[in-house]
Protein chains: 2
Amino acid sequence: MPKTDHFYPVILAGGRGTRFWPLSRKRRAKQLLALDGKKTMIQQTVSRLLPLAPAKRFWVITNQDLHREVTAQLPGLEKNQIIAEPVGRNTAPAIGLAAFILQRIDSEAVIGLFPSDHVIGDERHFRETLLRGIELAAAGGNIVVLGIRPTRPETGYGYIEAGIKDERGALRVRRFTEKPDAERAAGFLAAENYFWNSGMFLWRAGTLVNALREHLGKTAAVLEKIAESFGTRSFSGTFRRLYPKCENISVDYAVLEPRSAKGETQSNIYCIPADFGWNDLGSWTALHEHHVARRNPENGNLISGKGIFTLNAEGNYIYAPGKFVAAVGVNNIVVVETDDALLITTREQAQDVAKVVKYLDDKKLRRLV
Amino acid sequence: MPKTDHFYPVILAGGRGTRFWPLSRKRRAKQLLALDGKKTMIQQTVSRLLPLAPAKRFWVITNQDLHREVTAQLPGLEKNQIIAEPVGRNTAPAIGLAAFILQRIDSEAVIGLFPSDHVIGDERHFRETLLRGIELAAAGGNIVVLGIRPTRPETGYGYIEAGIKDERGALRVRRFTEKPDAERAAGFLAAENYFWNSGMFLWRAGTLVNALREHLGKTAAVLEKIAESFGTRSFSGTFRRLYPKCENISVDYAVLEPRSAKGETQSNIYCIPADFGWNDLGSWTALHEHHVARRNPENGNLISGKGIFTLNAEGNYIYAPGKFVAAVGVNNIVVVETDDALLITTREQAQDVAKVVKYLDDKKLRRLV
């Protein structure tokens, strides 16, 4: 596949995934958990992209807390392919640094930005979609975002409003929309030209570098300095010293929204509708639904235990792999047990699990977060 | 208190308490758990009776599985005061054996029969009530049962229908009633002359011996033979050999019901209404209610954990003393965690926990029961 000769997957692995507490922890974030099969989420992210690019072209950006475990989980990557930010600065500086470095290595580099903790149901279709996107991004100056066709009026995601189809049949992006309220989300679902922002982007390194220089000048200058030291002995020190000076901002907010404000024909942002069984597994509830859809278990119960007994129990997610689990008369409950913690919640309220982590952070109960 | 000079407490400690699984096990039944304070239920049973009788006059009847732990928990009793049945034969043979033995030791012995796993709120009042009962039982030929004033239309207990007040102001028992359906239970509650059968009885050893000879002749003969060997080296062998020949029957069914059929004035069975905060802690739900009534915790949550976080959580009972417990958006849930098991149920369905134990028994999962 010659069109992927310059394709560089950049995987963002700095998230914390607090909604998977108590399984996810500061040093064992969601992307490092095997929530869907034997491989961890980040291992799956890498392996589904390997048919499109050799291992040496991958980049992973993570943080100090996760660096060791990310490195351990990806033995096929070299040490210098895994970059640990000295401080978190959101996605714009992270992907920007990769762009400045890659532009120096390969002037035709096309960067694909990928979250490390999503599920893709149909990997073949995923790669076919990417190939279209890579082609579109390689054709100078275009920014490509994969948009997921909404299946429900979700209020937890950002949306992409697509506009006219251009001469190549690609959808131009009209605007990016922040998380909507329920009424607007219902409207988006009905309108059919709105897509969920998947967080997966494609662009040439040079396109991104130029966009950052235009929209985020100071940060771009900092990143350029760091990139200049890449491959030298001073890199690590320079990175640690300068990176904190970058603005803390997402690439959506820093680049895509101002760019899209130029109007859909001027901004050169394209949306490729993606239909490959995407799921961001945003909570225990989403994980439960994902597995129920795939495995259709009896009474909708997903229970990991060393022996199981259920009676009048439906739609529960219970994770206690070392224990005999008995569920009697409970419905739509989520229970997750680890060596040091026990979470009891409902499918409806599972997203509030992040508040447990906030509490533990506030109380400085460090061994639990 | 001279009238207790011949008072012998006999404590029945052979029950299994399966509804407290996974905390209760075959070798660590409910009466051996500290469900209400620091002492175990059987230790509390003994200590609340000690003001009425010296330790040497206590008898405990248990089974082979529990013998070792009962002995360990009651260091104040001599070995031969704790009798382990070779096989379970329900309450009639158990209390009957105590009666045949005690009659030989003290012809004026008054036996008090006590379950080992109930809670008594007001111990002073409990002892005052017992003193009245002991007096009534000592006055030859009377059988005294402590009746609990119903506070709800409970369908899980047997009831006592009280009749006329006799010349001493004691209530005569008209009949014993099996567990009623909901409609009858509501009627009993309204009628005000119905009491819950507490399982606590008082009678002279000779009264019981005579009653057994009359109503359960063969078993009485067997028990008499075993009693004759008590204190000799052959006791243990005789007990093991003969006890299985006893009928498997409760004292209520074997003696009290046929006796009461003679008519309330002839049967000499009396009910002393008891009002000392009795609770049989029949399930996790009952335990939860008991503690909520005593301690009035915030939002009705009773949570044992190494750290606790709750959010929109009410009326839950959670036991996981070694873990940080987070309860988010759950109400009226019961969760109990041990080293090898995790129970998740509701306050409404907690009595079905016995079915988990039945399942484990059937599957011969012995280490879990």
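Helices (H or I, at least four residues) and strands (E, at least two) are DSSP runs, numbered from the N terminus.

I am working on a predicted model, where local features need pLDDT of at least 70, side-chain atom pairs count only at pLDDT 80 or more, and totals for chains, interfaces and linings use all residues. Residues are numbered from 1 along each chain as its sequence is written, and chains are lettered from A in the order in which they are written.

Entry 1: I looked up strand 17 (residues 341-346) of chain A. Five bridges join this strand to strand 15 of chain B, and the two run parallel. One residue I checked was A:Thr345, whose bridge partner in strand 15 of chain B is B:Val328.

I then traced the open sheet of six strands, in the order 12(A)-14(A)-16(A)-17(A)-15(B)-13(B), with mixed pairing. Strand 12 (302-305) of chain A and strand 13 of chain B stand at the edges, each with a single partner strand, so one side of each has no neighbour in the sheet.

Within chain A, strand 14 (residues 317-320) and strand 16 (residues 333-337) pair in the parallel sense over three bridges. There, A:Tyr317 has A:Val334 of strand 16 as its bridge partner.

**Entry 2: the chain contact.** I took two residues as in contact if their C-beta atoms, placed from the backbone, lie within 7 Å. On that basis 33 residues of chain B are in contact with 33 residues of chain A. Strand 17 of chain B gives the most to its chain's side, with six residues. That side of chain B divides into 21 nonpolar, six polar and six charged residues. For these classes, Ala, Val, Leu, Ile, Met, Phe, Trp, Tyr, Cys and Pro count as nonpolar, Asp, Glu, Lys and Arg as charged, and the others, Gly among them, as polar.

**Entry 3: a helix pair.** I checked helix 3 (residues 91-105) and helix 9 (residues 251-260) of chain B. Their axes come within 7 Å and cross at roughly 75°. Axes are lines fitted to C-alpha atoms, for helices over the stretch in contact, and angles run from 0 to 180 degrees between N-to-C directions. Helix 3 and helix 9 of chain B are therefore roughly perpendicular, a label for 65 to 115 degrees. B:Thr91, B:Ala92 and B:Ile95 of helix 3 meet B:Val251, B:Ala254 and B:Val255 of helix 9.

Definitions and conventions: Parallel < 35°, antiparallel > 145°, perpendicular 65-115°, else oblique. Pairing = 2+ DSSP bridges.
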